[in-house]
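Subject: Structure handover

Hello,

I am passing on the structure shown below, followed by notes on what was found in it. Please keep it open while you read.

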Amino acid sequence: MTDIAPPASRLTTLAAPTVRAGKLARIWRKTSIGMKICLAGFALMVLAAIFAPWLAPFDPDAQKLLSRLRPPLGFDRAQDAHPLGTDQLGRDMLSRTLYGLRLTLGIALIGSFISLILGTTLGIIAGYMRGRIGALIMGLVDVQIAVPFTLIALLTVALLGNSLPVLICVIGLTGWESYTRIVRAQVLTLSRLPFIEAAIAAGAPRGRILLRHILPNIASPLVVIWTMTFSALILTESSLSFLGLGVQPPTATLGSMVGLGRDFLASQPWIAIVPSLVIMLVSLQVLLIGDWLRDALDVRLK
Amino acid sequence: MLDYLAKRALGGLVTIVIVVTAVFFATRLSGNAVEFMLPPGSDPAVQAALAEHYGLDQSIWMQFVRYVQGMFVGDFGISLNERRSVLLIFAERLPNTITLFGYALALAVVIGVPLGIVAALDRKGPAGSAIMTVAFIGYATPNFVLAILMILVFSFQLHWLPSSGAATPLHFLMPAVVLSLPMLAEIVRFTRNAMLDVLAQDYLRTARAKGLSERVVIGKHALRNAAVPVVTIIGLQVAGMVARCVLVEAIFATKGVGDLIVFATIGRDYPVLQFGVILIAVLVVVVSLIVDLLYAVIDPRVKVAAT
C-alpha cells in the first residue's frame, strides 16, 4: 500500500528535465528571426569579451606616439594595423574597446549577481516571515526607491575611494529592490497554494520548502528581472566611469573611453563614438532579450 | 485624510533628520578636508590654522551641534572650496537646474503621454511598434552617449547650437532634449501599460455600449483610470531631478546643482555636499506628499481608503 504514491520530490526530479527541454524547444520555435539575430549578436559580444586577450591585436594600454589619433579604416590617414583607429596616446581603439567591453560586462555581471542574491534573499524572508522583519525589509525597499541611486553611488565612491571592488559593490546595490518586491509578492501568493500547504502538512522543513518548492516557481520572474537589471547596470557603470568616478585610467571601460574621448570630439570624434556605439548596442540587446524572455516565459511583473 | 497627511509629513521629517545625521557623520569620517584644500606637504601650522578657521579642529560632536544650530537660523555653513555661503551658491545654481529639468519634464510629458496612448490603442500596428522601438532605444541609450552624439552633430557639424553654458534659452535646448529622452521612454512605457490594463476592463465596454463617442471613452473613462501609475512615474522623475541632472549638467557645463554636487563630492566640500543631500531628501519627501495628494484628486476612492 505504501509504495503506490512515490514521494513528491522524486516525481518532480523525474519529470523536470523532459518538461524543461520541451519548453525551451517550443520557445525557440516561436522566436522571431529578428530576436534570433539579436541573441546571436549578444552571444558574439559575450564571446568577444571573454576572448578579448586573444582577439585584441595590441596591449590595450600600450602607447605608440608615432601613430597617435589615427582614424578608423576608410578615412584619410588610417592605418591597416588599427581598424578602429587610435586614441590620443596612440593606443589601439579595437583592443581598448574589447578590453573595455570585457571589464564593463564583467562588472555588470558580478554586480547583477550580488543584487540578485541580496534582493531574492530579502524578498523570500519578507514574504515568508511576515511581521516585524518583513515590514523592516519593505521599509528599506521604499527608502531605496525614494533615494536617487546616482547619489548613493556618488557618496559611496567619494567616501570609500574608487577602486574596482568598491565600484562592483556600489553597482551590486542597485536594483536589489525590484527582486525583493517581486519575490515577496510571489512568495505571498505561492504560500497560499495547495501544494505548499501539502508540503507543510507532510512535515517538510522550511528550508526545503523554500529551496525545492518556492524557488523553482519564482525562477522565471527572476531571470527576467536579472536581464533588465543587467542592462541598467551597464548604463550605471558607464555613467560613473564617464564622470571619472569608476575604474581609474589607464584601464579602459567603455564609459571611461567615452569620457576621455570627449575632449577630442571636435577633431577626432571616433575616440568617443566607437565605445558609445558599443555601449548602446550591448544595452539595447540586453533590453530586447529581457523583453523577449518576459513574453516567452510568460511572466507578469507588477 | 488630514490625519493621514499629518502622519506622512511626520514620516518625511524623520527621514530628513536621519539623512542629515547620516550624511554629516559619513562625510566627516571619510577623510580630512584640509588635505584637499591645501597642496600636499604644506606647513602643518597653516593646516592647523585652516582647520581652526573652519571649526574642523573641534570634536565631531561639537561640529554636529554647531551645524544643527546653524540650520535653524538658515546658516548651512561656508563652502570649503569657494569660501562663500553654501546657501548663496545653491541659490545661484538652482534656477539653472530647475529651468533645465522643467523643459525636459514638459517635453517628456507633452510628447510621452500621447505617444503612450497611441502605442496602447495601436498595439499591434505600425505606429505602436514604431513608438515602442523609439522607447526602447531611449531606454538603452545612456545620457552621455546621446549628449556626445548631439554635440557632434548640432554643434560641431551643423553649428546650430552652443555645446556648453547656460547663457541663453538656446543653451538649454540640447541638454533638455538629452535629459528628456529616458524620461520620455519611461512615460511612454508606463502610459501604454496602464492604458492596456484599463482598455481590457468591462466598464469601457459599457461606456461604448452606452453610445459614448470614442473620444470620451478614451479621453475620460480610460485616461483617468490610467493616470495613477503615470502620475507615480512622473513623481519619481521629479523626485530624482538632481540625480538625473548630474550627468547632463556635467557634459553641457550648465552650472546647475547636479555638477555642483559632483565636484563637491570629488573635492570633499562637506558643507556643499551636505546641503545638496538635504535638498534632495526634502525634494523626495515633498514630491511624494504631493503625489499622494494628486492620487486623491485623480481617484476619489484613494481618499476613502486613506481615511
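The average pLDDT of chain A is 80, and 90% of its residues score at least 70; pLDDT is the predictor's confidence in each residue, on a scale from 0 to 100. Residues 1–17 of chain A have a pLDDT below 50, and this stretch has 2 contacts in the model beyond near neighbours in sequence. Two residues are in contact if their C-beta atoms, placed from the backbone, lie within 7 Å. Where pLDDT is low, the predicted coordinates should not be read in detail.

This is a predicted model, in which local features need a pLDDT of at least 70 and side-chain atom pairs count only at pLDDT 80 or more, while totals for chains, interfaces and linings use all residues. Residues are numbered from 1 along each chain as its sequence is written, and chains are lettered from A and ligands numbered from 1 in the order in which they are written.

The two chains

Chain A has 13 helices and 0 strands, whereas chain B has 14 helices and 0 strands. Both element types are DSSP runs numbered from the N terminus: helices are H or I with at least four residues, strands are E with at least two.

Of the 302 residues in chain A, 39% are buried; for chain B the share is 36% of 307 residues. Buried means that 20 or more other C-beta atoms lie within 10 Å of the residue's own, exposed means 12 or fewer, and partly exposed is in between, with C-beta atoms placed from the backbone.

In chain A, 69% of the contacts with a separation of 6 or more are between residues 24 or more positions apart. For chain B, 71% of the contacts between residues at least 6 apart in sequence join residues at least 24 apart. The C-alpha atoms of chain B fill a box of roughly 85 × 60 × 30 Å along the principal axes.

Helix packing

Two packed helices are described by the angle between their axes and the distance between the axes. Axes here are lines fitted to C-alpha atoms, for helices over the stretch in contact, and angles run from 0 to 180 degrees between N-to-C directions. Angles under 35 degrees count as roughly parallel, over 145 as roughly antiparallel, 65 to 115 as roughly perpendicular and the rest as oblique.

In chain A, helix H2 (residues 33–50) packs against helix H4 (residues 93–128) at an angle of about 105°, with the axes 8 Å apart. H2(A) and H4(A) are therefore roughly perpendicular. From H2(A), A:Met45, A:Val46, A:Ala48 and A:Ala49 take part, and they meet A:Leu98, A:Leu101, A:Arg102 and A:Leu105 of H4(A). By class, this contact has 7 nonpolar residues, no polar and 1 charged. Ala, Val, Leu, Ile, Met, Phe, Trp, Tyr, Cys and Pro count as nonpolar, Asp, Glu, Lys and Arg as charged, and the others, Gly among them, as polar.

In chain B, the axes of helix H10 (residues 214–239) and helix H13 (residues 270–298) come within 9 Å and cross at roughly 170°, which means that H10(B) is roughly antiparallel to H13(B). The residues of this contact are 12 nonpolar, 3 polar and 1 charged. Among them are B:Arg224 and B:Gly235 in H10(B), and B:Ser288 and B:Tyr295 in H13(B).

Core

A nonpolar core is a set of buried Ala, Val, Leu, Ile, Met, Phe, Trp, Tyr and Cys residues joined through C-beta atoms within 7 Å. The largest one has 134 residues, and B:Ala147, B:Ile187 and B:Cys245 have the most contacts inside it. Helix H8 (residues 169–199) of chain B gives the most to this core, 15 residues. Apart from neighbours within four places in sequence, the contacts of B:Ile187 include B:Ala108, B:Val113, B:Val230 and B:Ile234.

Where the chains meet

Chain B puts 29 residues in contact with 28 residues of chain A. On the chain B side, H7(B) gives the most, with 7 residues. That side has 24 nonpolar, 5 polar and no charged residues.

Positive phi

Most residues other than glycine have a negative phi. B:Ala253 has a positive phi, near 50°, and lies in the loop between helix H11 (241–252) and helix H12 (257–266) of chain B. B:Lys255, also placed in the loop between H11 and H12, has a positive phi near 60°. B:Ala253 counts as partly exposed because it has 14 C-beta neighbours inside 10 Å; B:Lys255 is partly exposed, with 18.

Regards
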